[in-house]
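Here's a quick briefing to read alongside the model. Have the sequence and the 3D view open as you go.

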Amino acid sequence: MTRIAFIGGGNMARSLIGGLLKTGVAASSLSVAEPRADARQELGREFGVACYADNRQAASEADVLILAVKPQIMPAVHGELKDVLARQRPLLISIAAGVRIDQLERWFGHALPIVRCMPNTPALIGAGATGLFANRRVSAEQRALAQHILDAVGLTRWLDDESQLDTVTAISGSSPAYFFAMVEALEDAAFSQGMPRETARALAAQACLGAGRMLTESGEDPSVLRKRVTSPNGTTQAALESFAADHFSQVVARAVAAATRRGGEMAAALDDTP
């Protein structure tokens, strides 16, 4: 039985725990370190997993250590777990945005197998999208194990170039917020034309859900699906021409570039962290 410990019991840890339990992983194989007493009680009550205030207790027998804490806390976590890491030599899986492998190696040790990944918030409902990158010490079996853990909350893809994780952050990690913003804009537009907000939101949200399912379940290219919806001289064409006039593609490209750039800046800011 693989023993998995979570350092941090926030939303992403909760989603992974729930997903793993649904795949048949035993609650007795999971442990969580969480400093807030109310959060520990809720985790224990909801999932039946062992919860601790102390990181060392949670990680003492772990084969896999999932780092689900803020980047700034990573060095302190290593200080607490130094002896456990030396004894157990677990697979480390980091879900902290913007923290590079070389930084994790500096804090936790170059001899450890480390997987860096970037899940997104739809993992909370089992519909996540996660990019993963492994250092050279991760074995084939450990890669499969890391993928199994993240597969529990959605789609996973391995990357050959770690720098692409900043792009993953931009196109899947941050992009749920882009779609929420789109629904907000559609809602506002419909409201300005007299439609009740609740009706506008429900219709726009369902349209996004339906379009996403069509894209993922049909296997069709998005351009093909777009063309099928677009009748010549119809309403969709009018809307798409308006998007094009406002340089929609360039707007999206600039937004993705900004998010990607910010990911690199966040990592660079941690370079001086001891």
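Glu 162 forms a salt bridge with Arg 116, and their closest N and O atoms are 2.9 Å apart. That pair ties together distant parts of the chain, 46 residues apart: Glu 162 is in the loop between strand S8 (154–158) and helix H7 (164–173), while Arg 116 is in strand S6 (residues 114–118). This is a predicted model, with local features needing pLDDT of at least 70 and side-chain atom pairs pLDDT 80 or more, while totals for chains, interfaces and linings use all residues. Numbering starts from 1 along each chain as its sequence is written, and side-chain values use heavy atoms, leaving out hydrogens and water.

**Salt bridges**
- The count comes to 16 salt bridges (a side-chain nitrogen of Lys or Arg within 4 Å of a carboxyl oxygen of Asp or Glu).

**Helix packing**
- The axes of helix H4 (residues 74–88) and helix H5 (residues 101–108) come within 9 Å and cross at roughly 55°. Helices here are DSSP runs of H or I, at least four residues, and strands are E runs of at least two. Axes are lines fitted to C-alpha atoms, over the stretch in contact for helices, with angles from 0 to 180 degrees between N-to-C directions.
- Met 74, Pro 75, Val 77, His 78 and Leu 85 of H4 make the contact with Leu 104, Trp 107 and Phe 108 of H5 (heavy atoms within 4.5 Å).
- By class, that H4 contact with H5 has 7 nonpolar, 1 polar and no charged residues (Ala, Val, Leu, Ile, Met, Phe, Trp, Tyr, Cys and Pro are nonpolar, Asp, Glu, Lys and Arg charged, the others, including Gly, polar).
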